[in-house]
Structure formats: C-alpha cells, structure tokens
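Colleague: I have a few "how do you know" questions about this model. Could you set each value against its definition for me?

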4 protein chains.
Amino acid sequence: MSLRERKTAKKKEDILRMSVSVLSEKGYDGTTMEEIASKLLMTKGSVYYYFKDKQDLLYQSHVMLLERSIENVEGVRHQELPVKAKLRRAMIVHIEYILVERSGFEMMIKPEQYFSSPQIETIFQLRDDYGICFDQLILEGIEADVFGSVDIKIVRNIILGAMNWVTQWYSDDGKKDKTEIAEDIADYLLHILIKT
Amino acid sequence: MSLRERKTAKKKEDILRMSVSVLSEKGYDGTTMEEIASKLLMTKGSVYYYFKDKQDLLYQSHVMLLERSIENVEGVRHQELPVKAKLRRAMIVHIEYILVERSGFEMMIKPEQYFSSPQIETIFQLRDDYGICFDQLILEGIEADVFGSVDIKIVRNIILGAMNWVTQWYSDDGKKDKTEIAEDIADYLLHILIKT
Amino acid sequence: MSLRERKTAKKKEDILRMSVSVLSEKGYDGTTMEEIASKLLMTKGSVYYYFKDKQDLLYQSHVMLLERSIENVEGVRHQELPVKAKLRRAMIVHIEYILVERSGFEMMIKPEQYFSSPQIETIFQLRDDYGICFDQLILEGIEADVFGSVDIKIVRNIILGAMNWVTQWYSDDGKKDKTEIAEDIADYLLHILIKT
Amino acid sequence: MSLRERKTAKKKEDILRMSVSVLSEKGYDGTTMEEIASKLLMTKGSVYYYFKDKQDLLYQSHVMLLERSIENVEGVRHQELPVKAKLRRAMIVHIEYILVERSGFEMMIKPEQYFSSPQIETIFQLRDDYGICFDQLILEGIEADVFGSVDIKIVRNIILGAMNWVTQWYSDDGKKDKTEIAEDIADYLLHILIKT
DNA sequence: TATGAATGAGTTTTCATTCAT
DNA sequence: GATGAATGAAAACTCATTCAT
C-alpha cells in the first residue's frame, strides 16, 4: 500500500470512527452530514470524497463496529482458559467495549430500516457470526459438561440482550465501575448455564 | 363524559395505536405524518387536529405503551401466586406484550434523542416505575428466601434487557410460538435468581 | 327591524369591533379566525355564520373604522366654531380616536394588498371622503382668509400622516396624556396653515 | 476580504435588496420565499444557504433599510449649509428615498408584530437613532435662533409621520414629480419650526 | 344558529447530494 | 483532494373554509 493509499485509509477510518460516535448519539436521521464533517473539521464535500453517500457511511460504520466486536470475542475464544472462564471473559470484554464506545449498539437495533438487500445480508451475516461466537462458547461448555444442555439459540440471545441493554441503565457515577458491572453481569448470566 | 367526548377520546386512541405501530416499524424519522394519517384513512390535517405536532404524537404513543406495560405487570403482581410463579408470569406477560405490539419498544431505546425536558422526565419516571415493579417481585422472592440475595438493580436490568431484546431475534416462523418462547426465556432467567 | 334582526346586527358589530382590535394588533395575516372567535367566546364556525370569509370580515372592519372616523370629523365640521378652532377640534378628535382604539389605522396601510376590485373602490372612496372632510375645513379657512393659500391636497396629507403616525410613538406613560398630545400636535400643524 | 467573500457578500446584498422590494410590495406574510428566490433566478434552497430563515431575511432587510436611511440623513447633517436649508435637505432626501424604494417602510409600521426580543431592540435602536438625527437638526436650529423653541420630540414625530405617509398617497402620474413633492412637503413642514 | 371535525392547498424548512473551480 | 454554492425533493405544519349534526 502506497503512502497515499495509507493516508486515505487512515482518513476513512477517522471518519468512520467519528461517524459511529455521532450516529450512535443522535441516531441515523438525527445526524446530518454537515455535523459529522464539522466534527472532523472537514466540509461535507470532503466526506463525500471518501464515502458514496450517507447510507454507505452508516453501513461501513456499522460493519466496523461489528467486526471489532467479533475480533474482541474471537480473541477471547482462542485463549487457553477453562470454558466457563472463557465465556465469562468474552462477556466482560463485550460489555466493556459497549460501555467504552458508549455507542453503536443502539444503531444496530433496526438494520432493516436503513439497509437493503446487498448490505443487509452482510450485516445479518456479521451479526450472526457474532452470535455464533457465543454459541460456540456455550456449546463447548455443554460438551465439556460444565453447562447444562440448554437451548443454545435462546440462551445466547438472552445473554446478548442482557449485555446490550447495559447502555440503557449504566451510569458512570454509580458506585461500581465499568469492569465491576461487567463482571457482575457475566456472573449472573452464568447461572443460566452452570450445571447444579 | 359526553358521547362526543367519548368519540374524540376513541379517535385519539385510534391514532395513537396506529402511530405506535407505524412508528415502531419505521422509526421516528422514517415515519411521516402523511403515512400515519393515510393508514387511518384520514388526512394529515385531521391528525393535527388531535395532536399538536409529531413530537406530541410520538410522546403520547410512548407514554401509552409504557402505561400499558405497567398495568400488565401490576396486574400480575397482585395475583395470588407463589412468588416464583408470579415473577415468571410477569416476565411472560411482558414478552408476549412486546412481541404482539412488535412495537414501539425500539423507540424506548434512546428517548433522550427524541424528547426533551418536560417530557423526558415523565418517560424516565414511567420507565423507572416499570423497573420497580420487577424490583418488588424480586425483593418479595428474596424475602421469602426463594431467591438468592442478588443485587436487585443489576438483575432487574439483566432481565429487562434479555426480554426486550427478543424483538431483535424472534421470528414467527420458527418452531416455537410466542408463548413458548416467552416461557423458555422466563425459565432461563429464573435460574439467575433461584436458590440452589 | 325585528328583534332577531337586531340581535344579529348586534352580534355582527361585536365581532367587527373585536376583529378590528385583534386585526390591528397582529395584522391581517397574523390573526387567525380561531383567535378572533375565541376572544369572543365563539367558535370559528359561528363567525362564518355572520361573515362570508376572512376577507369580508377585514373589509367590513375596515369600513366600520373609516365610517366612524368620518362621523367623528363630520360631527365637528357642523359645529358652530370659528374655522381655525374647528380644524383644530377635528384634528384632536381624530388623534384621540386613533389613540383610544389604538388600532386599525395600521391596517389601512396597504389596502391594495388585501382587497380587490369591488371592495377596494369603496375603501378608497371612504378614505377620500375622509380626506375631503379635512380639505373642506382647510378650504373654509382659506376662503375666510384665515389660512394661507396652500396646496390643499399636500397639506391635507401632511396633516393625516402626522396624525396617523402618532400610534407609532405615543406612549401612555409619558408625561402628557392623550388629549394634551392631541392638542399639541394640532397646534403645531396649524402653523402650516395660519397666515402670518 | 477575499474575492469569494466579496462575492458572497454581494449575493447576500442582492437577496436583501430584492427581499426589501418584494416584501414592501406584498407584505411579510404575502411574500413567499419561493417568490423572492425566483425573482432572483435562484431556488428556495439557495436563499436558505444565505439566510437562516424568513425571519432572518426580513430582519436583515429591515436593518439595511434603516441603516441606509440613517446614512442618507447623516450625510446631509454634515454638509456645510445654513441650518434651515440643512433640515430642508434632510427631509427631501428622506422623502425621495422612501418614494424610490417605495418600500419596506410599510413594514416599519409594526415591528413588534414580526420581530422579537433580540431583534426588536436593534430595530428600535436604529429607529431611535434615525429620529435623533432629526432631533439634532431641529436643536441646531433652535440654538441658532432660527427655529422657535418647540417640543422637539413632538415636532420630530410630526415631521416623520408626514414624510412617511407620502407612500400612501403619492402617485407618479400626478403633475408633480418626486422631487417637487418632496420640496413642497419640506417647505410646509418648515412652517412649524420657523420663527415669525 | 352553533359547533366539532375534517380537509387540502399552500408555505416554510431541512438536507443529502452534486459540481464547478 | 477540497470546498463553497446550489439544488430539489420531501416533510412538517398552518389555517381558511366547509359541512353534517
């Protein structure tokens, strides 16, 4: 990759990162291109140099977010850890990521509303991949007879829902910090799986 | 209340109900007043006769939804049932309601994005009231020594998150119907609370 | 005129009076039918029973105002007074009327903007009649050799302009009351006419 | 100021000028943004690029008009002329300006109707400044013992009223042209001031 | 007569998008 | 590559007016 290409890629990423943050604060329609641009000290026109249209920007932001999340969890999945600890870790990482970015997962809410055919498939695919990461961690536990034989799909979604909801209620000024909250949630959720 | 007044109230409710449904399908910005109106075989102007503006319509829809949810759960809370069964029932009722309204619950996600000061407080109050219903059910269980002594706030939010997330993944054409899914989720979530 | 007719006429006048006052405070476009109606504790519909449309209401308000003004000045014109005192009196009456109604003459400003052919002629006719009242007072003075031989049309308009402008600057909380101001203005204006 | 900036400023002024003219012909509410734009061979959108909203456009038009008027009179005030001639000149200039712009002075009538707090103060300030120009010319005359010792505030307002009213009755097809009318009015008004 | 409802035409306003420079 | 300008389509909202009861 030439210097030029690298510069462009970097700029694109900057835009995406900012776009994720603005988008998740104000929502897709609440955010204007003007706004994203001006937060980056650019003009609208420039943003259009890097992205085809607003759709495209939202889409790529979305994909970036999902890919990062997957990387996070995949990272954990390949660690050498007992299965229970591994799932626990994955949950903690996910929650922390959400709380740090404080963002983005709201915009995951209704992808059908904003994307259509070629894009929506990718999104769903990534979402699914993400779910599957957890499925596999659960499956591993069941096979190791550490977890009870639950309905994986349902339990996975309970876990995802409980975790993603955290942005709705967690506040920095409570007595627990992000990590403590993440640990607590993870521990409670494990109760669903642990064999007794 | 006179006949006329009752008719007006009825109309308002019709509009609210439709508005909830369109709004939750297309989102706040994706929904036009035109659309809501035409689905009710009215004209925009008529809708504006009943509601000050789009904001107002959205706000009242939202409030209606929350109030109904509270009624639902309160209804369960006053039933004569063993505490565990009661919480289970409350969860099932909540999930079924969400799935039936398939519904404005997405717009519950970021109220700050759409409402401001005088309204947002009411919304948060109602949300809180709703949460407290569950808190009390949990507390009852703890006091009856049926549930372990969990951190109520965290567990309540895990439960709410897991339940609300259901709109994201449940599909009518799976092999389980709404009630079965609701029961399954409730049962799994009870594992978090049940003393072993 | 039957009782019924008299009642109707009375109601019409009430509406006109209120309409003049609202109209002159908020302007033609700034005033809604709703507003006029509600100030009279009526509904829009009722107002439409008495007046064909908003146009008509404005027009008749306008005419009422002009006719009253003419009556005022005509009243003075037929008094037995020396010509100078008579003109002075007419001016005072006019200014007081304007200040008491605190109204209406602003809406005289651009009749062409609001009225068209059949109506505009009447308005102009009345306006003219009003001007002519003053013209005749001036003429009387010239013929009596009390006033210099001025260009009547110009002087009349100077006088009208100076008088009508008073709503723009007179404030009740100054040290002079309405009558004093009216007298002062009248006296100064007479300087234009008085032979030296 | 760069070329670009100058171009922008020019465009803004063009819009203002056109807006003044349309506004004064049709009144605030009678004028649509569409109309202003199309007279400038622009689209509505473009006008909004330069002005925040209709309010803003009207406001700035108004201010421009007032500022120009002040400049006009100030220009005269600093000429080397005998005081009586100077006031006469100022009046003529004012009347001519009004008749040429045939314009926006109607909207001077009820600024409270269209503007509110931050704007209205500026408007009133400018109006006042304008009045003060005349006050000073009058004062000069009194001090030079050319004018009698009149109540300046009242006389100033008589003069302004008489002059501003001219748009109501002057018609190009009469036998006198704008300048002649202006001179006549000025001369008559001087009678109020001149010592005898 | 009076009125609550409904209507629709008209206006303001916003914003993603394009494009010449 | 970047940007200021311009555009136009879409949406919210207003209000005079009508009409059945």
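Colleague: What makes the meeting of Lys176(A) and Asp151(B) a salt bridge?

Modeller: A salt bridge is a side-chain nitrogen of Lys or Arg within 4 Å of a carboxyl oxygen of Asp or Glu. The side chains of Lys176(A) and Asp151(B) meet at 3.5 Å, N to O, so the pair meets that definition. Between chain B and chain A the count is 2 salt bridges. Please keep in mind that this is a predicted model, where local features need pLDDT of at least 70, side-chain atom pairs count only at pLDDT 80 or more, and totals for chains, interfaces and linings use all residues. Side-chain values use heavy atoms, with hydrogens and water left out, residues are numbered from 1 along each chain as its sequence is written, and chains are lettered from A and ligands numbered from 1 in the order in which they are written.

Colleague: Which elements build the side of chain B that touches chain A?

Modeller: Two or more residues each come from α1 (3-26), α8 (152-164), α9 (166-169) and α10 (178-193) of chain B. Helices here are DSSP runs (H or I, at least four residues) and strands are too (E, at least two), numbered from the N terminus. The largest share, 9 residues, comes from α8(B). By class, this side of chain B has 15 nonpolar, 9 polar and 10 charged residues; Ala, Val, Leu, Ile, Met, Phe, Trp, Tyr, Cys and Pro count as nonpolar, Asp, Glu, Lys and Arg as charged, and the others, Gly among them, as polar.

Colleague: How many residues does the contact take from chain B and from chain A, and what area is buried?

Modeller: Contact means heavy atoms within 4.5 Å, and 34 residues from chain B and 35 residues from chain A take part. The buried area is about 3100 Å², with carbon and sulfur atoms giving 65%; that is the accessible area (1.4 Å probe) that two parts lose on being put together, summed over both.

Colleague: Now chains C and D. Why are these two copies said to be related as by a two-fold rotation axis?

Modeller: A rotation of 180 degrees with 0.1 Å of shift along its axis superposes chain D on chain C, with an RMSD of 0.3 Å. The two copies are therefore related as by a two-fold rotation axis. In chain D, the C-alpha nearest the axis belongs to Ala162(D), at 2.2 Å. The superposition is by least squares on the C-alpha atoms of residues with pLDDT of at least 70 in both.

Colleague: How do you know that the copies meet through the same surface?

Modeller: Of the interface residues of chain D, 100% are also interface residues in chain C, so the copies meet through the same surface. Lys176(D) forms a salt bridge with Asp151(C), with the closest N and O atoms 3.4 Å apart.
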